[in-house]
Amino acid sequence: MLFIVGIFAEDTALFASVKGVEKGDHLNVRAAANYQSQKVAAIPSFEDIPLTFGIEICKKVETSTWCLVYPLTQNWADSFKENDKGWVNARYLTFSNRGYVLVDGKANCAYALGCTEGKCELVANFKQDNNGEVLSMETKWAERARLKGESSFGAMGPKEDGYCNAGMYIGDYLKRRHK
């Protein structure tokens with residue numbers, strides 16, 4: 001089992017965005033978890049709208065923590081040369097465990113609320129009114145290892161048309177509930 005900055009590898013966040021990189025600059029994505037490794041992509045830095053990407057795993061390498069990341073949108077996926085993922089230093093990342101996920105590689109608009117101790121809380125079911133506002137919600141827990149962060153388009157299952165949009169309503173519901 002990997003030990004990462006006081007947490008176990010299964011507690012690796014599902015998502016991240018760039019921090020500490022000037023607007024208009026980019027964060028280099030490397031083939032291996034070190035600064036000398038070949039650059040395989042670059043993640044652009046936007047202050048206004050942070051670009052979110054998925055995290056497969058993070059690991060400690062000497063005094064640094066590195067995370068294996070992959071694109072969720074085409075915004076920077078085209079910059080990858082041969083791989084669809086690569087390593088970035090965690091000091092340039094802001095982490096999150098809230099968003100759409102694939103469960104066991106399957107798309108069905110599953111939405112994660114948070115993760116702890118190798119498990120993540122997923123929205124299992126929710127009820128909406130005629131305006132789409134969430135009235136109530138049920139959750140379930142899944143092993144972090146079974147989940148992969150995804151975009152609202154990539155998480156769309158075969159029965160959906162367009163993209164998953166419940167995340168916006170779920171976020172509003174949670175804000176109202178915690179006031």
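In the predicted model, K85 and E56 form a salt bridge in which the closest N and O atoms are 3.1 Å apart. This pair joins distant parts of the chain, with K85 placed in the loop between α1 (74–77) and β8 (86–89) and E56 in strand β6, a separation of 29 residues. K85 has a relative accessibility of 30% and therefore counts as partly exposed. E56, with a relative accessible area of 37%, is likewise classed as partly exposed. Side chains of opposite charge can pair when their charged atoms come close.

The structure holds 4 salt bridges, including the K85–E56 pair. Another is made by the side chains of K119 and E143, with an N to O distance of 3.6 Å. Here too distant parts of the chain are linked, since K119 belongs to strand β12 and E143 to strand β13, 24 residues apart. K119 is partly exposed at 38% relative accessibility, and for E143 the relative accessibility is 38%, which also places this residue in the partly exposed class.

A further salt bridge brings together the side chains of R176 and E133, at 3.6 Å from N to O. Because R176 lies in helix α2 and E133 in the loop between β12 and β13, the pair ties together parts of the chain that are 43 residues apart in sequence. The relative accessible area of R176 is 36%, so this residue is partly exposed. E133 is partly exposed as well, with a relative accessible area of 38%.

R144 presents a buried arginine. This residue is found in the loop between β13 and β14 (147–149). Its relative accessible area is 6%, and R144 is therefore counted as buried, the limit for that class being under 20%. The side chain of R144 reaches two backbone oxygens: that of A13 at 3.2 Å and that of I55 at 3.0 Å.

The largest nonpolar core comprises 18 residues, among which I43 and V69 have the most contacts inside the core. At least two residues of this core are supplied by each of the strands β3 (15–18), β4 (26–30), β5 (39–44), β6 (52–61) and β7 (64–71).

By residue class, the lining of the second largest pocket divides into 11 nonpolar, 2 polar and 2 charged residues. Strands β11 (106–116), β12 (119–128) and β13 (134–143), together with helix α2 (166–177), each provide at least two residues of this lining. The largest share, 5 residues, comes from β12.

Strands β12 and β13 contribute to the lining and hold K119 and E143, respectively. Helix α2 likewise contributes to the lining and contains R176, whose partner E133 is placed in the loop between β12 and β13.

Note on methods
Residues numbered from 1 in each chain as written. Predicted model: local features only at pLDDT ≥ 70, side-chain atom pairs only at ≥ 80, totals over all residues. Heavy atoms only, no water. Helix = DSSP H or I, 4+ residues; strand = E, 2+ residues; numbered from the N terminus. Nonpolar A, V, L, I, M, F, W, Y, C, P; charged D, E, K, R; others polar. Core = buried A, V, L, I, M, F, W, Y, C linked by side-chain atoms within 4.5 Å. Buried < 20%, exposed > 50% of the residue type's maximum accessible area, 1.4 Å probe, protein only. Polar contact = N/O pair within 3.5 Å; in protein donor to acceptor, adjacent residues only side chain to side chain.
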